[in-house]
Amino acid sequence: MYALLKSAAPAAERINSLEGLQIDEPALTHSLRRKLLNRHKQNFNWQQGGPVTPVKYLDRDCVEYSIAQAAENNIIEARMAKLTLYLSLALQDKVWGGVCQYSTGNWRQPHYEMTMSSQAGCLRIYALAWALWGNTLFRDAALRIRNYLSRFLLSPVEAFYAGQHDRVPGMAVRDYYALDEAQRLQTGLPEIDTRILSRENGWAIEALASCYELCNDEEALTLATNAARWIVKHRSIADGGFSHDDALSYRLGDTLAMGRAFLQLYRVTGAADWLIRAGNAADFIALHFYHRGGGYVPEINRRVSRQPGPGIDENISLMRFANLLAWYTGYKRHRKMAKHCFRFLCLDEIACARQEETGILLADQEYNATPVQIMILGDTADPAAVQLHRTAMRHPAWYKKIAWNQAGESALLCPEIYYGNVPAAIVRSGFSKTEVFHDAHSLAGFLAKI
């Protein structure tokens, strides 16, 4: 539904005709980048926020791009992001905190389907906005979504259900959502989609871990960790992949969502097992979903001979994941995965297939940049090291590397540097020299300037 809402016309289905095309070093041309940027700005509704479309919804890639540009002191993009975020709060249920999928006409005529895509996407975006601007409206919105997830979509096994329908027996849905909590509970709850799916759980885990990272919400981390452990135990398949419902097919979305979730869990906990699982998920995707013409296909189904071509949204997400993962693992094969996604995404007919494709600009920006890299040295039980790690997490960016090196472990992408028993944070930013900090206050001051 997210892809359908985002496009004014169906996305191009011509990638299979590009089988033989290879690009040594994929890149957006200057004209294509300018075209995408112009579309991003021209498609913005300055009266109502969000895209100029018949329905209103939170375009996560678009808003995240604006947030990333705002962090670089782009005033126009900051205004675009804030306007959309303020007005899109109308999609959040005032009683229970869930986020409606979209609204027709304006922000105040919502469609009351509560999909996991909407909950996880909005939770992550509001957490990023809170970290950058410190507006409590955004933090409150994120925490209300977390409360909704734990109250309505959390299963007895501590993994998450797929979503909540808008059907209420014997009552019009708009009348139902106009009731207060007591009246709703007396009437009955809308039906819950009780399927436990790897993809939806991956989305929720990543968003909840981000909520912990940026909003310092301990309950969110507990929810994310418990769900991740259940999915690992009950949905894992050989070589690092994850199943959906159908044993005859592998779906890119399931393993990709879990891979991103594992990488986020590693960043906020420093537990190396999560990073290993993230790398295994990426390797599984490379093995099973590779498309010779560029990108990765959404599904491998043994029941059909003709496989679908790559999808735009999944390849944007995979490119960003694989590119950041390469900075964590140091493996060239993960960087090559991002490059292969870019071979597909940088084609004019793909990048311009829909009304707006700001996610490609976001992926391109990260692909050609070095993230802020922060290495924490010290024991995970040391309060000073913990405080350095928490300070590093509050840096308002998704594209960053935070690793934790305890005594006896080899540092990831860093030489082994020891400072006796004094915890330290080693920071590398762009082309600047390596900086070393031993207290959280000094580290916070430095990160605020970059």
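**Cysteines, a sheet and the chain**

Reader: How many disulfides does a search of the whole structure find?
Author: The search finds 0 disulfides, a disulfide being a pair of cysteine sulfur atoms within 2.5 Å. C100 is in no disulfide, and its nearest cysteine sulfur, that of C122, lies 9.9 Å away. This is a predicted model, in which local features need pLDDT of at least 70 and side-chain atom pairs count only at pLDDT 80 or more, while totals for chains, interfaces and linings use all residues. Residues are numbered from 1 along each chain as its sequence is written, and side-chain values use heavy atoms, leaving out hydrogens and water.

Reader: Is C100 buried or exposed?
Author: C100 counts as buried because its relative accessibility is 3%, where buried means under 20% relative accessible area, exposed over 50% and partly exposed in between, with a 1.4 Å probe and protein chains only. C341 is also buried, at 0%.

Reader: Switching to the sheet, in what order do the strands come?
Author: The order is β1-β2-β3 in an open, antiparallel sheet of 3 strands; strands are DSSP runs of E with at least two residues, numbered from the N terminus, and two of them pair if DSSP finds at least two bridges between them.

Reader: Which strands stand at the edges?
Author: β1 (55–56) and β3 (110–111) do, each with a single partner strand, so one side of each is left without a neighbour in the sheet. β1 pairs with β2 (residues 102–104) over 2 bridges, and K56 has S103 in β2 as its bridge partner.

Reader: And how much of the protein chain is buried?
Author: Buried residues make up 56% of its 450 residues.

Definitions and conventions: Helices (H or I, at least four residues) and strands (E, at least two) are DSSP runs, numbered from the N terminus.
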